[in-house]
Amino acid sequence: MTTEAVLPADLETALPTTLFRFATAGSVDDGKSTLVGRLLHDSKAILADQLDAVARTSADRGFGGEKGGIDLALLTDGLRAEREQGITIDVAYRYFATDQRSFILADCPGHVQYTKNTVTGASTADAVVVLIDARKGVLEQTRRHLSVLQLLRVAHVIVAVNKIDLVDFSEPVFRGIEADVQQVGRELGLGSDGISDLLVIPVSALDGDNVVERSARTPWYTGPALLEVLETLPAADELESHLESFRFPVQLVVRPQGALAPDAVAAGLDAEAYRDYRAYAGQITEGSVKVGDQVSVLTPGQSPRTTTVVGIDFAGASMEEAAAPQSVAIRLADEFDVARGDTIAAAGTVREASADLYAALCWLSPKPLREGAKVLVKHGTRTVQAMVRSVAGKLDLATFKLEGASSLELNDIGHAQLRLAAPLPLENYLHHRRTGAFLVIDPLDGNTLAAGLVKDHPGDHEDERYSI
Amino acid sequence: MSTSLTEETQVTESAISTRLSSLDTLESEAIHIIREVVAEFEKPALLFSGGKDSVVMLHLATKAFWPGKVPFPVLHVDTGHNFPEVIDFRDRTVERLGLKLVVGSVQEFIDRGELAERADGTRNPLQTVPLLDAIQSNKFDAVFGGGRRDEDKARAKERILSLRDEFGQWDPRNQRPELWNLYNGRHTVGQHVRAFPISNWTELDIWRYIERENIELPGLYYAHEREVFARDGMWRAVGEVSQPREGEDVITKTVRYRTVGDMSCTGAVESNAYTVSDVVVEVAASTLTERGATRADDRISEAAMEDRKKDGYF
């Protein structure tokens, strides 16, 4: 290999880029893998040897007939079974970058366990791209996908109406689907509740229309191409984190007690000054913190203790201010007994910890949820035992109505009431995408059973629009 | 009144302008994962080969626990065919950071007759048995690795915390969903977890980070003159265990290594990248993936990595 390739002249000046995470979701055969392959290919994220491998396999399987085309879907199918069966089984992560942004793409398969995969991909996504086949329009599964995204409060939902070439680039077909999508969005509150927005784009993943470049074949569409949208949307933490109150689950206590890192000492660290060093390490999940801020330490079973932040450290550097999602170590004025599982929060912004948990559960396990079951709840950095007191109902994702149910099965979404062995500083997921989220874990084999989203108790003043 | 209003506006503006760069975001994510594993597991260890990804992992660990020591040992599976300068780098690094080094030796397993040399001479696939033996005999319940999802199709599907059974095997069709930043590392006796905190980094991210943090690497990552011969479309170094066959001419070339594995399967690339910033520019412009360019072990089949992982590989 040589370095003769032409380099982008602004390589250095373009830095630093920011990170944007998005996911794709779709139904069977709507061309999602092809769209992902197209995005990677046209943004030059696919390198020559990868393309060669795909071209060889495409030729072996006779893809593209006489045209000798390549099957872009092969770029994303990572497991042997997926390539052999021509299906995507599991969430795959892909990486590409433009001058503006580095992207992490979670490619979520549509047919097997779609709820599990969509919930997983969407939980960390700034945006989700949902595919619709232009020949089929809005299907029941599209409604299900959109309702899962609304439940998870994904900031930006982009609907790509794919295979627009197969309906002769027809504007009336597109407008009809667009109207249907907006109708579903309204029913869900998606794109109209100030939390999320909803965009519809006509694309042909196979030919690349409106994927990276705007297409001349859809002159009636004046909006941006998909990649342009992804490059310009604000990331979720730009939208939220600085408006929210500071939250910091303590991961561990850094207290070297004289056992200092030899390289730090060699570099001139004053060992004596760090003899009594004590800081609380963690990642800021929401908001920001400054030296001098008043904070409350929340420990289950104790009333909040208020103190002052005297230092924010990161690997030898002291900072005046830090914000989500930074990992830091925080020093406090008072020597409280603070441990893993405690939360440090902006003083006066936290409601009382509660052992009664009412939540929406996305059930991700083949083992069904039954009333009376003993489970573990992992919230922030604390895991507590819990009992399922009652299942309040199961959500019909097509009608968005809660129906009576006494158990939840794989891929069901429902509401349940849990009793915790220790009170936790729970917050409504609607306003807190991190401190409102938790895992339900099987105490027997340790598997993750459900994704949990904290809700207000029914009867408390929750807005009707947010009923799902 | 008006003063406080002005202050408030300034705070908002500064908060927005401090939006983290992608490297800072990746660094924070990795440190969060490293701390989670240390807090939730009894006995973690870090796989450390002296390769760039494991060097970055160790650097992140020093930052995560600063000013304290890195609170876990490092584990190296020595194929017996490593580059001598990489072993030297490994030992100096361990010494500098005051770490404990555990070595699993492929050679010892071969000498005892518990492993057989492969016909093609490559020892990378032989690392699995000594690795699992070291994990079991040291009772490690979590093992950090520098694996990245952009390296390989199978790795693209693996979780950040990847559960392995009693035989070290990965079951790709039965993985736990990984939600938000809540990592579930629960395991039963005999099982262990492989943790990949830099899953979301690309090769370019690694190099930009090495440049930014001024991290030392073994010299063979940078351009140098070396006696090489061509095999399987790669430049292979001449060494004790890597000798040209008949018809393979030895020539001196200016090369560097993009990945550092076993000498028997790692190829060099022609390069004039003498410094870390040269390498950043070279990697950004490269038209080949690092494994495609330099690793014979991944050319065995389309699913080579997946098959090795199912057997307990890194």
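Which residue, with a positive phi, follows H7(B)? The tour reaches that residue at its last stop.

**Before starting**

This is a predicted model, in which local features need a pLDDT of at least 70 and side-chain atom pairs count only at pLDDT 80 or more, while totals for chains, interfaces and linings use all residues. Residues are numbered from 1 along each chain as its sequence is written, and chains are lettered from A and ligands numbered from 1 in the order in which they are written.

**Stop 1: chain A as a whole**

The average is 85, and 86% of the residues score at least 70. Two stretches fall below 50: residues 1-14, with 19 contacts beyond near neighbours in sequence, and residues 461-468, with 10 such contacts. Here two residues are in contact if their C-beta atoms, placed from the backbone, lie within 7 Å.

Switch to a cartoon view: chain A has nine helices and 25 strands. These elements are DSSP runs numbered from the N terminus, with helices being H or I of at least four residues and strands E of at least two. Of the 468 residues of chain A, 49% count as buried. A residue is buried if 20 or more other C-beta atoms lie within 10 Å of its own, exposed if 12 or fewer, and partly exposed in between, with C-beta atoms placed from the backbone. Among the contacts in chain A with a separation of 6 or more, 70% join residues 24 or more positions apart.

**Stop 2: a helix pair in chain A**

Select residues 114-123 and 140-151 of chain A, which are helices H4 and H5. Their axes come within 10 Å and cross at roughly 40°; axes are lines fitted to C-alpha atoms, for helices over the stretch in contact, and angles run from 0 to 180 degrees between N-to-C directions. The crossing of H4(A) and H5(A) is right-handed, meaning that the near helix is turned clockwise from the far one by less than a right angle. On H4(A) the contact is made by Thr115(A), Thr118(A), Val119(A) and Ala122(A), and on H5(A) by His145(A), Val148(A) and Leu149(A). By class, the residues of this contact are four nonpolar, three polar and no charged. Nonpolar covers Ala, Val, Leu, Ile, Met, Phe, Trp, Tyr, Cys and Pro, charged covers Asp, Glu, Lys and Arg, and the others, Gly among them, are polar.

**Stop 3: Val130(A) and its surroundings**

Select Val130(A), in strand S4 (residues 127-133) of chain A. Val130(A) counts as buried because it has 28 C-beta neighbours inside 10 Å. Leaving aside residues up to four places away in sequence, Val130(A) touches Ala25(A), Gly26(A), Thr142(A), His145(A), Leu146(A), Val157(A) and Val159(A).

**Stop 4: loops of chain A**

Move to Glu335(A), in the loop between strands S15 (327-332) and S16 (343-346). With 9 C-beta neighbours inside 10 Å, Glu335(A) counts as exposed. A distance drawn between the C-alpha atoms of Glu335(A) and Val159(A) gives 52 Å, for residues 176 apart along the chain.

Next, select Ala324(A) and Pro325(A), joined by a cis peptide bond with omega about 0°. Pro325(A) is in the loop between strand S14 (321-323) and S15 of chain A.

Then go to Asp168(A), in the loop between strand S5 (156-162) and helix H6 (171-188) of chain A. Although not a glycine, Asp168(A) has a positive phi of about 55°.

**Stop 5: the interface**

Display both chains. In all, 67 residues of chain A are in contact with 67 residues of chain B. The chain A side has 36 nonpolar, 20 polar and 11 charged residues.

**Stop 6: chain B**

Chain B has 10 helices and 10 strands, and buried residues make up 54% of its 314 residues.

Select helix H2 (residues 22-40) of chain B. Is H2(B) largely enclosed or exposed? Of its 19 residues, 17 are buried, so H2(B) is largely enclosed by the rest of the structure.

Trp66(B) and Pro67(B) are joined by a cis peptide bond, with omega about 0°. Pro67(B) lies in the loop between helix H3 (52-65) and strand S2 (74-78) of chain B.

Finally, select helix H7 (residues 203-213) of chain B, whose buried residues include Trp207(B) and Arg208(B). The residue that follows H7(B) is Asn214(B), with a positive phi near 55°. Asn214(B) lies in the loop between H7 and strand S7 (224-231) of chain B and is exposed, with 8 other C-beta atoms within 10 Å.

Conventions. pLDDT is the predictor's confidence in each residue, from 0 to 100. The expected span of a helix is 1.5 Å times one less than its number of residues.
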